[in-house]
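Welcome! Let's take a friendly look at how charged side chains pair up in a protein model.

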Amino acid sequence: MTGNPDDGYKQRTDDDQAPDMHDEMDPWLDAVNVAAELAAEEQDRSGPPTREPVRHDDPVALMLGLVPDPDVLVDGRKLAAARKRLRLDLRQLVARLNARGWEVTMQEAFKWELGRPALAPALITAIAEELSVGDDALLTAAKPASGVDDLFDDQRIQAFLSDWAAEAGVQPTVLRQRATSTLAGAAHRNRTGGSVEALLGVLRQFRSIPGFLDRS
Amino acid sequence: MRHEPSYRHSAHTPAVSAGQEAGETPGSTDGPAADPGALYLRYHETLRRYAVTKLPARLRSEADTALSIVFTRLVNCHKENQMPRPGNWEAYLHGAVHNACKDLVKARQHEEVDDGDPRIHRDAPHDPTADSVVEQDEHLEQAERADRAKAALDALDERSRAIVIAKHARCRTNKEIGEDLNLTGQRVGQLYKEAFQRLKEEVNRPRDRQP
């Protein structure tokens, strides 16, 4: 808003139909003005939604299974076969994924079935769930991906866990169990990007969360 | 004290908020629950920016931690089939990030006090830039009021929301707004009155717990 805010208020109230409401809402009026300013900024920024893809080193994205693993490829033919077995057309599959919040288009889904896309692990899980199959039934058998369990055996991860455990006063196994459980809940499978670096990033993030170990 | 603004909708408010098409609302009340990962893909940019504005300067680099707090909680909700189903995820997540920022600030304050660094205990009372407790509470209250008002505004239908924004943020008259919306100035006034009433109801609604 430009100019004197009092002028704005005066102008607004000049043709207000309900000054009595303003009297009642007075404690909230500043808050409403701030909210309207924020919403106006959003309006000004609005246009076709363009989403920034997540960074490959974004620890939250890694934790949520949103960073595709180049070693984990979906087999388009297996995907199409699973969909047809369930007598779903592509539009229905896309609608189901959209209902879960995934911004997937028909065009994208069509391309998946024609190729071997590297999709985000959490999206693979969502597709598999909608098609009532396990994740592996949709993947190429080219190269088995390393799971989190394998990564937890890495020396750097173990050293990190030992340090964290000493600080928190718990056994490293407790930390491992807690982290694995959260990761499994997030991406539903033992893949988080597949590298020690990625897992270290996620664990560092967990460590910085106040009370991470307090939650059941 | 933990403030938990309500972004759920009553019978008086639409199930789908302004700016969201019915088909675009993830995990709506009768459909499947939203996946936390899908929500993060949608909102991570705005949430991260929001967290930066809510954290004090010394903690701004911890915006990712604030987001981690929210999304690990959501992951746990999802795992336990307790995923929330707000009518407006964007507003809900902003409220959750705000709460996470407050939790983070409190936790880091405790860490600073408990870490045994004598400088903190010596310097804190003499810091001329430090807000008094009363001022901090007042700022917090103002920010919370604004957050609740924003959530309430987002919960209005698109036309009502546009009218409130035009009047409060753009200082436009009913007649001007009416010209844009193809309505008479008088009708804009009526709609504004109704919107304001709904805004008040939303703002005063008892608040739900957020992850």
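A salt bridge is a side-chain nitrogen of Lys or Arg within 4 Å of a carboxyl oxygen of Asp or Glu. This is a predicted model, and it holds 20 salt bridges over all chains. Side chains of opposite charge can pair when their charged atoms come close.

**A pair between two chains**
- R42(B) and E103(A) form a salt bridge, with their closest N and O atoms 4.0 Å apart.
- R42(B) lies in helix α1 (residues 36-54) of chain B, while E103(A) is in the loop between α5 (90-99) and α6 (106-114) of chain A, so the pair joins two chains.
- R42(B) is buried, at 10% relative accessible area, whereas E103(A) is partly exposed, at 40%.

**Pairs within chain A**
- R176(A) pairs with D153(A) in a salt bridge, and the closest N and O atoms are 3.2 Å apart.
- Because R176(A) sits in helix α10 (residues 172-187) and D153(A) in the loop between α8 (148-152) and α9 (155-168), this pair ties together parts that are 23 residues apart in sequence.
- R176(A) is partly exposed, at 25% relative accessibility, and D153(A) is partly exposed too, at 48%.
- R77(A) forms a salt bridge with D75(A), where the closest N and O atoms are 3.9 Å apart.
- R77(A) is exposed, with a relative accessible area of 68%, but D75(A) is buried, at 11%.

**A network**
- Which residues are linked in a network of salt bridges? They are R96(A), R100(A), E129(A), E130(A) and D35(B).

Note on methods:
Residues are numbered from 1 along each chain as its sequence is written. Chains are lettered from A and ligands numbered from 1 in the order in which they are written. This is a predicted model: local features need pLDDT of at least 70, side-chain atom pairs count only at pLDDT 80 or more; totals for chains, interfaces and linings use all residues. Side-chain values use heavy atoms; hydrogens and water are left out. Buried means under 20% relative accessible area, exposed over 50%, partly exposed in between (1.4 Å probe, protein chains only). Helices (H or I, at least four residues) and strands (E, at least two) are DSSP runs, numbered from the N terminus.
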